[in-house]
Structures are given as C-alpha cells and as structure tokens.
2 protein chains.
Amino acid sequence: MKTWNIALIGLGSVGRGVAEVLGADARFRIVAAADSKSGAFDPAGLDIEEILAKKKKTGRCGDPAWPASRIAAESEYDILVEVTPTNADTGEPALSIIKTALTRGKHVVTSNKGPVSLASAELLELAEKNNAAFLFEGTVAGAVPILRGIKYGLAGNKIKALYGVLNGTCNYILTRMEEEGLTYVQALAEARDLGYAEADPTYDINGTDAAIKLVILANTMLGMNVTLADVKRTGISDLTVDALLMAEETGHSIRLIASLYPEKNLLEVSPRLISKTNPLVVTGTLNAVTVETEYAGAITFIGRGAGSVETASAILADLLFITDKYDR
Amino acid sequence: MKTWNIALIGLGSVGRGVAEVLGADARFRIVAAADSKSGAFDPAGLDIEEILAKKKKTGRCGDPAWPASRIAAESEYDILVEVTPTNADTGEPALSIIKTALTRGKHVVTSNKGPVSLASAELLELAEKNNAAFLFEGTVAGAVPILRGIKYGLAGNKIKALYGVLNGTCNYILTRMEEEGLTYVQALAEARDLGYAEADPTYDINGTDAAIKLVILANTMLGMNVTLADVKRTGISDLTVDALLMAEETGHSIRLIASLYPEKNLLEVSPRLISKTNPLVVTGTLNAVTVETEYAGAITFIGRGAGSVETASAILADLLFITDKYDR
C-alpha cells in the first residue's frame with residue numbers, strides 16, 4: 001500500500017480536524033504544514049501534535065522563511081490540502097497556492113470556498129492539463145456528500161432545480177426563534193456564544209455564504225457560468241418572531257433557502273415559508289439540499305454543514321477518491 | 001465518443017424505463033434484449049419500440065431459440081443490464097445469467113435484489129477476476145444514490161449505524177392510515193389500486209423486502225457477511241389506526257424501519273415510533289436512509305425508492321460509472 005504525502009495548508013479548526021482524521025489513517029502522511037505566517041516540512045512525516053503545540057505557544061507552526069506559498073512551490077508532496085479561511089473577494093492567498101500546486105502536477109483538495117467560487121473553471125482546466133485532481137467536496141454543505149452525490153449518484157440526470165438550507169448559522173438562528181420565541185438579536189447572540197456564528201457574521205446573515213455555495217454548485221455541477229453578483233440575496237436579519245409564529249400556525253417554518261433553476265438562469269437566496277413536512281425543514285446547524293432531476297425525481301441530502309471533523313470527513317472522501325483513481 | 005452496446009435482460013416495468021432512458025442517450029445502443037421466454041439481437045441496434053410492440057401483441061419479444069441465458073452467453077455486447085423480477089430464494093434465473101456475463105468479462109448492472117442479496121461476494125469476486133464491473137445501485141432505495149453516496153461520498157468513514165425507510169409500499173400504507181384514518185386493510189387495498197403494492201404484497205408487508213435491502217447494504221457497503229435469516233423481522237399488518245393516532249398525539253409517527261448496527265451484528269426490520277421532526281418520517285412511497293458515521297455524523301438520503309424511470313436512473317448512473325472508468 002502506497003503512503004500518500006500530504007501538504008496541509010491551514011492549521012485552524014478545519015486543519016486540526018484534517019490532522020486528527022489523517023493521523024488515524026496509515027494511508028496518509030503529513031510531510032508539510034503551513035499557517036498564515038510560517039511552515040514546516042519533513043519528508044519522514046511531521047509530528048503534528050508538536051507543531052500544533054508550537055503554534056499555540058509561539059503563534060507560528062514553523063519557519064517564517066517557509067510560508068505556505070513556498071511550501072506549495074518547493075516542498076515534496078503528492079496532495080496539497082488547502083483549508084485556510086475563505087476570502088470571497090479575491091480567493092487569496094489560497095488561489096495562488098492552489099495554482100502553484102496544480103501547475104506542478106500535484107493533486108489539490110480544498111474546503112475553501114473562495115478559490116472555487118471565483119475560479120473553478122480555470123482551476124479545473126489547470127488540473128486536467130497537469131493530470132492532477134482538483135476536488136472540493138467540503139466547500140458545500142460540509143460532511144454532506146452533495147457534489148459527489150450529484151456527479152456520480154445522479155449521473156446522466158438533467159438537474160431541473162436545486163434548493164436547500166446551505167447556511168447552518170442562519171438555520172440555527174431561525175430554529176431558535178421558532179422553537180424558543182427568541183428575537184433575532186437574542187438568537188444571534190446565542191449562536192455566537194456557542195461558536196456557530198463568527199465574530200462578524202455578516203456573510204452568513206445576509207445570505208452571501210449560501211450564495212457562494214450556490215455559485216460553486218452552479219458552475220461545477222450544472223455547467224453554468226455565474227458569479228456571486230448573479231445571485232439575488234435577501235438575508236434573515238429583518239425576520240421577526242411574529243412572522244415565525246404566524247408560519248407555525250399554518251404548519252410552516254421559515255428557512256433561508258438557496259435556490260437554483262438552471263433553465264431560467266435564476267439563482268436566489270431568501271427566507272422562504274415551507275411546510276413543516278418538507279424534509280428541508282431541518283433544525284439547528286444542519287444543512288439540507290433537494291435536487292430535482294429528470295429521471296430520479298427529487299433527492300434530498302441532509303447532514304452537518306460545518307464543523308472541524310465533519311469538513312475533514314469531506315476532505316478524506318476527496319483524498320480517497322484521488323488515491324483510488326491515481327494508484328493504478 | 002465510444003458507443004456502448006447493451007444487452008437488456010428483462011422487459012417489464014424497469015426494463016421499459018431503461019429502454020426509455022437509454023433511447024435518449026447517444027452513448028448507449030441496445031443491441032440485445034430478452035424477456036422470460038425469448039430474445040432478440042441486432043449488432044446495429046434494436047428497434048426497442050418495435051420489440052415492445054411485438055411483446056405486447058404476441059407475449060414474446062423475440063425468438064424462443066434465443067432465451068436470456070443464450071443472449072448472455074453468445075451475443076456480443078459490452079454491458080449486460082439485468083432487470084428481471086427478484087427471486088429472493090434462489091436468485092435465478094438472473095444469478096446464472098449474471099455469472100455467464102461476468103465470466104465472459106462483460107460488465108453487469110442490475111436492479112435485481114435476488115442475486116445481490118444471495119451472492120454479492122461471489123459475484124464481485126468473479127467481476128474482479130475478469131476485469132469487469134458489477135454494479136447494483138438500483139437494488140436499494142431506487143433512485144436514491146445510497147450505495148454510491150456511502151462508497152464515494154463517505155469514503156473513509158466508519159459506519160456506526162444505518163437505518164431508514166426502505167419499503168415504499170409499507171410507507172404508503174402507514175402514511176394513509178395516519179393521515180386519513182384508513183384501516184390497514186383499506187390502505188393496502190388503496191395501495192394495490194394505485195399499483196404501489198403487488199398482487200401478493202407479503203414480502204413488502206412482512207418486512208422481507210426491506211430486510212433483503214439491508215442484507216445488500218451490510219454485505220456490500222459494510223464488509224459484513226450476513227443472510228436474510230440474520231435479519232429479525234416484524235411486519236406492519238398488525239398495526240392499528242389507534243396506535244398511529246396515539247403516536248400522532250405525542251408528535252410521533254410510526255414507520256417500518258430497517259436498521260443495522262455493524263458492531264453489534266444487529267439487523268432488524270420493525271415498526272418504530274419516531275419523532276415527526278426526524279427526517280426519516282417521509283410520506284407516501286418515499287424512501288429515506290440515515291447513515292451514522294465516525295466523522296461525518298449522521299447523513300440522511302431521501303428520494304423515490306421505486307418506479308420504472310427512477311430505477312432506470314440508478315442504472316444509468318451505474319452505466320456512466322462504467323463508461324467513465326473503463327473508457328481510457
């Protein structure tokens with residue numbers, strides 16, 4: 001059995017999840033790692049525990065002379081795993097790092113929505129040209145295998161529509177408003193306390209995060225060519241408890257639904273009234289996506305849309321797809 | 001682009017669905033077809049409309065001197081698509097036909113639960129030995145890509161439990177009892193009228209059909225080695241409207257749940273009380289499966305578990321998997 005050498009770019013929450021999951025798997029060896037300020041590498045395999053301890057103590061995981069860009073360009077590895085935070089405007093620095101790796105013919109797996117939403121066509125072309133894989137299951141709906149489900153499970157089906165709950169933060173807030181009668185402000189504060197919302201939750205709340213995922217689905221699974229500006233967005237901050245209670249009275253819930261109708265070229269994120277019997281009415285931070293297809297009818301995927309180990313699970317599935325395909 | 005030659009064994013409801021779906025796809029050409037009494041072949045491609053018309057008129061699709069077994073053994077094709085009805089006791093005649101094709105190094109795709117539940121290990125080994133694919137996404141939950149979802153979408157995850165609604169007939173009956181207060185006998189009669197239950201629905205009602213699907217999941221996705229006799233079964237025929245109404249009063253529904261706990265070697269099909277907020281409480285003939293995994297948490301797949309074109313959709317996904325993998 002071949003051992004695959006991994007360069008891990010990003011040592012935040014997801015990066016630590018990846019380290020945990022890969023540490024339990026003899027098929028993979030992390031030979032390089034980088035945070036935003038430094039990097040480390042060892043062809044025999046890094047001691048990730050030690051590196052994380054060093055980062056905690058000094059703020060840096062390794063040598064400032066070896067930043068992520070240099071790790072990607074000069075160190076030896078088979079697969080680059082890129083899990084730094086999303087920059088929705090430029091995709092940087094991840095975009096350049098991914099290009100560097102693909103240009104070298106290295107496989108790349110990422111959970112970073114920035115580069116994929118901004119440049120999926122260019123990156124997939126670069127990957128193909130260099131006989132490398134570029135996979136990003138973790139960018140949409142975390143652990144839920146929505147990209148692979150569409151690509152392989154529903155292969156040959158024309159997709160007529162796709163819609164669902166793609167932002168766990170909003171879903172948590174709406175669930176709490178509905179179930180406990182909290183105001184929007186109270187529910188948001190609770191989500192922050194529990195780590196379900198970031199310090200600046202603007203992109204979650206105003207629908208941008210869900211819209212970015214919709215762009216990724218549209219461009220990589222449905223053959224469209226759209227940008228974030230093409231997605232009509234309405235967030236949840238104006239929703240009142242009264243609106244949720246009125247919905248409840250008629251057997252409905254309000255959820256922030258991202259929807260995509262390829263034939264109409266329509267992409268939208270907005271709060272929608274949906275029947276409580278609809279499988280999209282998930283609670284808490286869950287994600288749920290329904291894909292309406294030509295032959296298979298409507299298929300719904302539900303699961304955890306975020307989380308350190310959950311996102312690492314999607315990355316692991318991508319890694320195993322690569323090892324299966326290229327180890328022949 | 002290569003055109004793949006298909007031998008279609010079985011011209012019932014699913015066979016006609018496959019003919020419809022493949023007829024719209026230039027990548028495939030049906031060069032041979034067989035029903036239970038006869039067969040036809042034409043290397044240039046059969047006129048399926050004509051063959052189905054002949055079958056309707058005469059009861060036979062072709063020449064009795066070319067039964068399915070001879071089509072499988074002697075005619076030329078790339079992929080055998082086997083969609084005859086399930087024989088849960090012997091798997092025949094499908095089992096022998098599939099072996100014949102695999103032994104010749106032909107790829108096989110089937111929606112027939114008999115051969116897969118009885119002999120998956122032997123058939124997968126035979127396929128590997130002859131460098132052929134043996135795929136059967138359509139045997140479990142129809143159009144829902146549960147096998148591929150587990151194998152590729154959740155790759156690397158240890159599966160801790162798997163449970164769900166795997167029989168659409170029972171789910172339809174329970175939904176109608178719950179929603180309309182029909183008795184079991186009334187709901188069953190309605191299901192028969194609508195074509196959701198067979199003339200003899202014993203295998204659906206007593207949990208055997210769901211149990212067979214559980215055996216397939218256990219043996220092919222979870223590395224177990226079980227038979228139908230290992231599945232504890234309780235059907236739905238003793239359920240009363242009162243029981244369903246009592247469940248309703250506490251916010252629950254009763255569903256026939258097939259469940260699988262690999263570490264305990266426990267396989268069971270029985271009616272269970274589940275909270276209405278659980279995504280497994282699907283209505284009508286829908287199927288739903290939750291997979292509890294090590295890293296990804298619980299992932300739920302929902303969709304149409306039966307139907308002619310829906311099953312054909314699963315077969316198409318299998319066919320495209322083969323054309324992608326072997327056309328290099």
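Predicted model: local features only at pLDDT ≥ 70, side-chain atom pairs only at ≥ 80, totals over all residues.
**Stop 1**

Show chains A and B together. Chain A can be laid on chain B by a turn of 180° and a shift of 0.0 Å along the axis, with an RMSD of 0.0 Å. The two copies are therefore related as by a two-fold rotation axis. To find where the axis runs, select A:Phe301: in chain A, its C-alpha is the one nearest the axis, at 2.4 Å. The same surface serves both copies, since 100% of the contact residues of chain A recur in chain B.

**Stop 2: the annotated domain**

Select residues 145-320 of chain A. An unreviewed UniProt entry places the feature "domain: Homoserine dehydrogenase catalytic" here. The span is 40% helix and 26% strand, and its end C-alpha atoms lie 13 Å apart.

**Stop 3: A:Lys213**

Next, select A:Lys213, which the unreviewed UniProt entry annotates as "active site". A:Lys213 is found in helix H10 of chain A, residues 208-221. Is A:Lys213 buried or exposed? Its relative accessible area is 7%, and buried means under 20%, so A:Lys213 is buried. Leaving aside residues up to four places away in sequence, A:Lys213 touches A:Lys113, A:Thr139, A:Val140, A:Leu166 and A:Asn167.

**Stop 4: A:Lys113**

A:Lys113 lies in helix H5 of chain A, which covers residues 113-129. At 15% relative accessibility, A:Lys113 also falls under the 20% cut-off and so counts as buried. Which residues does A:Lys113 touch, not counting those up to four places away in sequence? They are A:Thr86, A:Thr139, A:Asp209, A:Ile212, A:Lys213 and A:Ile216. Show A:Thr139 as well: this residue is in contact with A:Lys113 and with A:Lys213.

**Stop 5: two helices in chain B**

Now move to chain B and select helix H7 (residues 168-180) and helix H11 (residues 241-249). These helices pack at an angle of about 70°, with their axes 9 Å apart. That angle makes H7(B) roughly perpendicular to H11(B). Show the side chains at the contact: H7(B) contributes B:Leu174, B:Met177 and B:Glu178, while H11(B) contributes B:Val241, B:Leu244, B:Leu245 and B:Glu248. What kinds of residue make up this contact? Five are nonpolar, two are charged and none is polar.

Note on methods: Residues numbered from 1 in each chain as written. Chains lettered and ligands numbered in written order. Heavy atoms only, no water. Helix = DSSP H or I, 4+ residues; strand = E, 2+ residues; numbered from the N terminus. Buried < 20%, exposed > 50% of the residue type's maximum accessible area, 1.4 Å probe, protein only. Contact = heavy atoms within 4.5 Å. Least-squares fit on C-alpha atoms with pLDDT ≥ 70 in both. Axes fitted to C-alpha atoms, helices over the stretch in contact; angles between N-to-C directions. Parallel < 35°, antiparallel > 145°, perpendicular 65-115°, else oblique. Nonpolar A, V, L, I, M, F, W, Y, C, P; charged D, E, K, R; others polar. UniProt positions renumbered as here; feature names shortened; annotations may be inferred.
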